[in-house]
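Please read the following explanation alongside the sequence and the 3D view. It goes through the chains one step at a time.

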Amino acid sequence: MNPDEKNHRRAIDVIAAYGAEQSAWPEAERAATLDALQSSYEVRQILREEASLDSLLQQSARVATLNATQVAQQIARGLSQQLTLSQRLGRGLEVVAESLSSDFWKPTLAASLTLSAGIAVGSTVYEPVEDWSQAEQYSFTVVGEE
Amino acid sequence: MQVDQARLVALLREGNQRAYSELVVRHLPAIEVYAKRIVNDDALAQDIAQDVMVVLWQRSADFNPNKARLTTWLHRIAHNRCIDILRKRQREFGWDPSESKYPVAESDTPREQQPIDTALMRLPESQRTALVLTYYQNLSNREVAEIMNLSVRAVESLLVRARGNLKKQLETQE
C-alpha cells in the first residue's frame with residue numbers, strides 16, 4: 001500500500017469513527033483527512049453518509065434538569081454535617097491524648113504491657129500435644145518412678 | 001470573573017466549600033446528561049450524577065491535574081457507576097448480554113423518544129458509551145480510551161461499529 005492509499009484508508013476510518021464534523025476528528029489527523037477528502041470521491045461519499053447520521057444524532061436531546069447550585073448547597077450542607085461529626089470525633093481523640101499526657105495512666109499501661117507480654121510468650125512457647133498416647137505413657141513413667 | 005479550574009481544585013483540596021460549589025455548577029450538568037444517555041432512566045441518572053459530585057468532595061485528593069482533566073476524571077467515576085448499575089440490572093432482569101440489547105424500561109422515562117434514542121439504547125453498552133463520550137460529551141479519543149480503560153484503537157473500533165449499527169437500525173425502522 002503506497003502512502004496515498006494509506007492516507008485514503010485512514011481518512012475513511014477517521015470519518016467512519018468520528019463522523020463528518022471536522023472538529024470531531026483527531027487534531028493530528030485533521031489536515032491529512034481534509035487532503036484525502038479533496039482528492040477522493042469515495043471519501044466524500046462516506047462523509048455525506050456520516051453527515052446524515054450526525055444530523056440524526058443531533059435529534060437526540062437530553063437535558064440536565066438538576067439545579068446545580070441547589071445540589072451543590074445540599075451536598076455541601078450534608079458534608080459539613082459529616083465534618084462536624086468528624087470534628088467531634090477528632091475532639092474526643094484530643095481529650096484521650098490530653099489525658100494520656102498526664103501521669104495517672106502509667107501504672108495502667110505497665111500492667112497491660114505485662115499482661116500482653118505474658119499472653120504473647122504463652123502463645124509462642126505452648127505446643128499442643130498431638131499424640132495423647134505418648135502423653136499417657138509419660139505420666140505412667142513418672143508415677144512408676146515413685 | 002471566572003476562577004481558573006486548577007485554582008478551584010486546589011481550594012477544594014483545602015476544604016473550601018465555595019470552590020466545591022463552583023465546580024459542581026460547572027460539571028454536574030454534563031455528568032447528569034451523560035448518565036441519562038447511558039442508563040436511560042432520568043431519576044437514576046440524577047442519583048448517579050449527585051453521587052459523582054459527592055465523590056468529588058470526598059476524594060478530590062485522588063485527582064491528579066497533571067494526569068487528566070477534571071471532566072475526564074468525573075466522567076470516569078460516572079462511567080464506573082453506570083456500568084455497575086447496568087450490570088446489576090442485567091442480573092435482576094436475567095438479560096443476556098450476547099443479545100446486545102438492554103431491557104429498555106419504558107416506564108422509567110415517560111417522554112417521547114426519538115427513533116435515534118431507541119437506536120442508541122439498543123447498542124451494546126461499550127459501543128454506546130464510546131459514542132456518547134465522543135460525540136455528545138466532546139471528549140477526545142485519548143480521554144475516552146482512558147475512561148473506558150481501552151486503547152485508542154479499540155475505542156475507534158467501537159465507534160465504527162456503533163455508527164454502523166445505528167445506520168442499520170435506523171434503516172430498519174424506516
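In this predicted model, 12% of the 146 residues of chain A count as buried. Chain A has 6 helices and 0 strands, and its elements follow the order α-α-α-α-α-α from the N terminus.

The contact takes 24 residues from chain A and 31 residues from chain B. On the side of chain B, the elements that give two or more residues are H2, H3, helix H5 (115-121), H6 and helix H8 (152-173). H2(B) gives the most, with 11 residues. Sorted by class, this side of chain B has 17 nonpolar, 7 polar and 7 charged residues.

In soluble globular proteins, nonpolar side chains tend to be buried together. The largest nonpolar core here has 55 residues, and B:Ala35, B:Ile48, B:Val52 and B:Ala78 touch the most other members. Helix H2 (residues 17-39) of chain B supplies the largest share of this core, 11 residues. Which residues does B:Ala78 contact, leaving aside its neighbours within four places in sequence? They are B:Ile31, B:Tyr34, B:Ala35, B:Ile48 and B:Val52.

B:Ala78 is one of the buried residues of H4(B). The others listed with B:Ala78 are B:Trp73, B:Leu74, B:His75, B:Ile77, B:His79, B:Arg81 and B:Cys82. The cover over the buried residues of H4(B) includes H2, helix H3 (42-58), helix H6 (125-136) and helix H7 (141-148) of chain B. Helix H4 (residues 70-93) of chain B has 24 residues, which should span 34 Å at 1.5 Å a residue; the end C-alpha atoms are 34 Å apart, so the two values agree.

H3(B) has 17 residues and reaches 24 Å from its first C-alpha to its last, close to the 24 Å expected at 1.5 Å a residue. Its buried residues are B:Leu44, B:Ala45, B:Ile48, B:Ala49, B:Val52, B:Met53 and B:Leu56. For the spacing of such residues, a general point applies: an α-helix has 3.6 residues a turn, so residues three or four places apart point the same way.

How do H2(B) and H3(B) lie against each other? Two packed helices are described by the angle between their axes and the distance between the axes. The axes of H2(B) and H3(B) come within 8 Å and cross at roughly 145°, and the crossing is right-handed. From H2(B), the residues that make the contact are B:Tyr20, B:Leu23, B:Val24, B:Leu28, B:Ile31, B:Glu32, B:Ala35, B:Lys36 and B:Val39. From H3(B), they are B:Asp42, B:Leu44, B:Ala45, B:Gln46, B:Ile48, B:Ala49, B:Val52, B:Met53, B:Leu56 and B:Trp57. By class, this contact has 15 nonpolar, 1 polar and 3 charged residues.

B:Val39, one of the residues in that contact, lies in helix H2 of chain B. B:Val39 counts as buried because it has 24 C-beta neighbours inside 10 Å. Leaving aside neighbours within four places in sequence, B:Val39 is in contact with B:Leu44, B:Ala45, B:Ile48, B:Cys82, B:Ile85 and B:Leu86. B:Val39 and B:Arg89 are 50 residues apart in sequence, and their C-alpha atoms are 10.0 Å apart in space.

The loop between H2 and H3 of chain B holds B:Asn40. B:Asn40 has a positive phi of about 55° although it is not a glycine. Is B:Asn40 buried or exposed? With 24 other C-beta atoms within 10 Å, B:Asn40 is buried. B:Asp117, found in helix H5 of chain B, is 77 residues from B:Asn40 in sequence and 9.2 Å away in space, C-alpha to C-alpha. B:Asp117 has 19 C-beta neighbours inside 10 Å and therefore counts as partly exposed.

A positive phi is also found at B:Asn149, with a value of about 60°, although B:Asn149 is not a glycine. B:Asn149 sits in the loop between H7 and H8 of chain B. B:Asn149 counts as exposed because it has 10 C-beta neighbours inside 10 Å.

Terms used:
Residues are numbered from 1 along each chain as its sequence is written. Chains are lettered from A and ligands numbered from 1 in the order in which they are written. This is a predicted model: local features need pLDDT of at least 70, side-chain atom pairs count only at pLDDT 80 or more; totals for chains, interfaces and linings use all residues. A nonpolar core is a set of buried Ala, Val, Leu, Ile, Met, Phe, Trp, Tyr and Cys residues joined through C-beta atoms within 7 Å. A residue is buried if 20 or more other C-beta atoms lie within 10 Å of its own, exposed if 12 or fewer, and partly exposed in between; C-beta atoms are placed from the backbone. Helices (H or I, at least four residues) and strands (E, at least two) are DSSP runs, numbered from the N terminus. Two residues are in contact if their C-beta atoms, placed from the backbone, lie within 7 Å. The expected span of a helix is 1.5 Å times one less than its number of residues. Axes are lines fitted to C-alpha atoms, for helices over the stretch in contact, and angles run from 0 to 180 degrees between N-to-C directions. A crossing is left-handed if the near helix is turned anticlockwise from the far one by less than a right angle, and right-handed if clockwise. Ala, Val, Leu, Ile, Met, Phe, Trp, Tyr, Cys and Pro count as nonpolar, Asp, Glu, Lys and Arg as charged, and the others, Gly among them, as polar.
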